Amino acid sequence: MSIERRATALANLGNWFKTITPEEFSNLCKAAINQNNWFTKDNIQKAFNAWGEALTEEKIGHWIKGYNWSKNPRKVGLVLAGNIPLVGLHDVLSVIISGHKACVKYSSQDAVLMKAALQTLIDLEPELKSQLAEVDRLNDIEAVIATGSDNTARYFKHYFAKHPHIIRQNRVSVGLLNGEETTTDLQNLGLDIFTYYGLGCRNVAKIYCPKTFDLTQFIAAQDTHENVLSHHKYQNNYDYNKSVYLVNKEPHLDSGFFLMRESSELVSPISVVFYESYASEAELSLKLSAQQDKIQCMVAKDGWYEGSLPFGTAQCPELWDYADGVDTLEFLASL
């Protein structure tokens, strides 16, 4: 099958994300939420909207342009994450568009949505069925793309050392403030923090702010996101972390639905936003460079910091915004 035909199939899948019937969507949501209680109908809708916007003919054409595609299809093993809805779809579509066979090990936390999307893709283009296989173990594979925790990543690197591989581990994102933010800017930053309850690698877990920055201004602007507390699992995390800070007498700020704590660490618990101050942009650059291997993306007002995205856009990556900055298509084209 030509790459043009595969690209058309992906664009048709994008249209399905935008035109799925309310009844089919509702049934999918019920099954997915039953499998993973962190999922909600609103968050699944956000994921569908994001994929509907990403999988257009124009964007797919831009994404795949310029690669020299391998003429020898390989079996590529995929170990998918399941922390947010459809988080593993990009890897599967990357393998398919590149002409290889995706041997997919689904996450037990996001199998319902993933299987529905990929079955729809096959229904739209039946010839793609030969490029997809569901597997329990990655035995008969020739390359690997795996996502997991820091611990499982070490295991993957050892186990798949003899295969070409991309092994991803824990990363989070950061928000960069310079003191010129409006209330709307800070509310948009809240989208990067609270969408998907902070469970994704593109969620902001920490903010860097000038030493003179008034944190109460930031906290007040987040009131528009307080509905996250209505989710019982999020509230359990908030109550637990609040209790730990109180019992241990650790200094912190309490908004009523999220906590803030000053820390040089990068990865904060769910319901907690770490913060760290800086005296100059040069000092900020030093702090970020020390953590670059753990940062997925950076957000800032109008993208003022080099390499950063505008507030509110972290959860809407383009097809060419690769996890960990590793070009998945380049890797697949090299096989």
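Which residues of helix 5 are buried? In this predicted model, they are Leu89, His90, Asp91, Val92, Leu93, Ser94, Val95, Ile96 and Ile97. Helix 5 is mostly covered, with nine of its nine residues buried. Just after helix 5 comes Gly99, with a positive phi of about 95°.

**Helix 1 and its partners**

Helix 1 spans residues 3–19 and packs against helix 5, residues 89–97. Helix 1 also packs against helix 4, which covers residues 57–64. The geometry of the two pairs is set out below.

| Helix pair | Angle | Axis separation |
|---|---|---|
| Helix 1 and helix 5 | about 155° | 10 Å |
| Helix 1 and helix 4 | about 135° | 9 Å |

Angles over 145 degrees count as roughly antiparallel, and helix 1 and helix 5 are therefore roughly antiparallel to each other. On the helix 1 side of this contact are Ile3, Arg6, Ala7, Leu10, Leu13 and Phe17. Leu89, Leu93, Ile96 and Ile97 meet them from helix 5. By class, the residues of this contact are nine nonpolar, no polar and one charged.

The angle between helix 1 and helix 4 makes that pair oblique. Helix 1 passes helix 4 in a right-handed crossing. Here Ile3, Ala7, Leu10 and Ala11 of helix 1 meet Glu57, Ile60, Trp63 and Ile64 of helix 4. The contact of helix 1 with helix 4 has seven nonpolar residues, no polar residues and one charged residue.

An α-helix has 3.6 residues a turn, so residues three or four places apart point the same way.

**Nonpolar cores**

The largest nonpolar core has 58 residues, and the members that touch the most others are Phe17, Phe48, Leu86 and Val92. Helix 1 supplies the largest share of this core, eight residues. Beyond its neighbours within four places in sequence, Phe17 is in contact with Phe48, Trp51, Gly52, Leu55, Leu86, Leu89 and Ala117. Apart from this core lies another, of 32 residues, including Leu189, Ala221, Ile270 and Val299.

**Gly77 in strand 1**

Gly77 belongs to strand 1, residues 75–79. Is Gly77 buried or exposed? With a relative accessible area of 0%, Gly77 is buried. Not counting residues up to four places away in sequence, Gly77 touches Cys103, Leu138, Ile141, Ala143, Val144 and Ile145. Gly77 and Lys101 are separated by 24 residues in sequence, and their C-alpha atoms lie 8.5 Å apart.

**Positive phi in two loops**

Most residues other than glycine have a negative phi. Ser271 has a positive phi, near 85°. Ser271 sits in the loop that joins strand 9 (259–262) to strand 10 (272–278). Buried means under 20% relative accessible area, so Ser271, at 7%, counts as buried.

Asp302 is another residue other than glycine with a positive phi, near 55°. Asp302 is found between strand 11 (295–300) and strand 12 (309–310), in the loop. Where Ser271 is buried, Asp302 is exposed, with a relative accessible area of 64%.

Definitions and conventions
Residues numbered from 1 in each chain as written. Predicted model: local features only at pLDDT ≥ 70, side-chain atom pairs only at ≥ 80, totals over all residues. Heavy atoms only, no water. Axes fitted to C-alpha atoms, helices over the stretch in contact; angles between N-to-C directions. Helix = DSSP H or I, 4+ residues; strand = E, 2+ residues; numbered from the N terminus. Parallel < 35°, antiparallel > 145°, perpendicular 65-115°, else oblique. Contact = heavy atoms within 4.5 Å. Nonpolar A, V, L, I, M, F, W, Y, C, P; charged D, E, K, R; others polar. Core = buried A, V, L, I, M, F, W, Y, C linked by side-chain atoms within 4.5 Å. Buried < 20%, exposed > 50% of the residue type's maximum accessible area, 1.4 Å probe, protein only. Left-handed = near helix turned anticlockwise from the far one by under 90°.
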